[in-house]
Amino acid sequence: MLNGMEAVQLFYVISGLYMQLILTGRYSSVGQFYESRALRIFVPYFFVLLFVLAGSLLSGLLSGRWLALQAYTTPNAWGENHPLAIALAAATNLTVFGQDLLFFVSGTKTIPPLSPFLVIPPSWTIGLELTFYA
């Protein structure tokens, strides 16, 4: 019944309401809320990141197919993108913060896409969630 943009906006309105209800009802301080969020977000993210990196590295060494690391092993990508842009993309893989911004500031007529450098592509939504929490 809704298009994608309206559905996402509705999701964030409901999430904001729910987050406020949880914050005031379940936690005695904002710090406890953020600590809980950090444990629920970062522990699984880094576990999956290590798993994907290990699998991609193993696949690359054994078969030459680098899977999630393909963008980093393709010479073209390095030529199209500025080294600082690639470093930024790599840093977002380690911090999660800013992955959502890679979709907004790259892939334009003047800036090549940086999203292929995300090791776990759907994790840009986690970056957006962290922005939402901030």
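This is a short tour of a predicted model, from the whole chain to single residues. Local features need pLDDT of at least 70 and side-chain atom pairs pLDDT 80 or more, while totals for chains, interfaces and linings use all residues. Residues are numbered from 1 along each chain as its sequence is written, and side-chain values use heavy atoms, with hydrogens and water left out.

Start with the whole protein chain. Its C-alpha atoms fill a box of roughly 50 × 35 × 30 Å along the principal axes. The chain has 7 helices and 0 strands (DSSP runs numbered from the N terminus: H or I of at least four residues for helices, E of at least two for strands). Of its 134 residues, 28% count as buried (under 20% relative accessible area; exposed is over 50%, partly exposed in between; 1.4 Å probe, protein chains only).

Next, select residues 4-26 (helix H1) and 124-133 (helix H7), which pack at about 55° with axes 12 Å apart (axes are lines fitted to C-alpha atoms over the stretch in contact; angles run from 0 to 180 degrees between N-to-C directions).

Gln20 is partly exposed, at 44% relative accessibility.

Finally, go to helix H2, residues 30-63, and select Leu62. Leu62 is exposed, at 70% relative accessible area.
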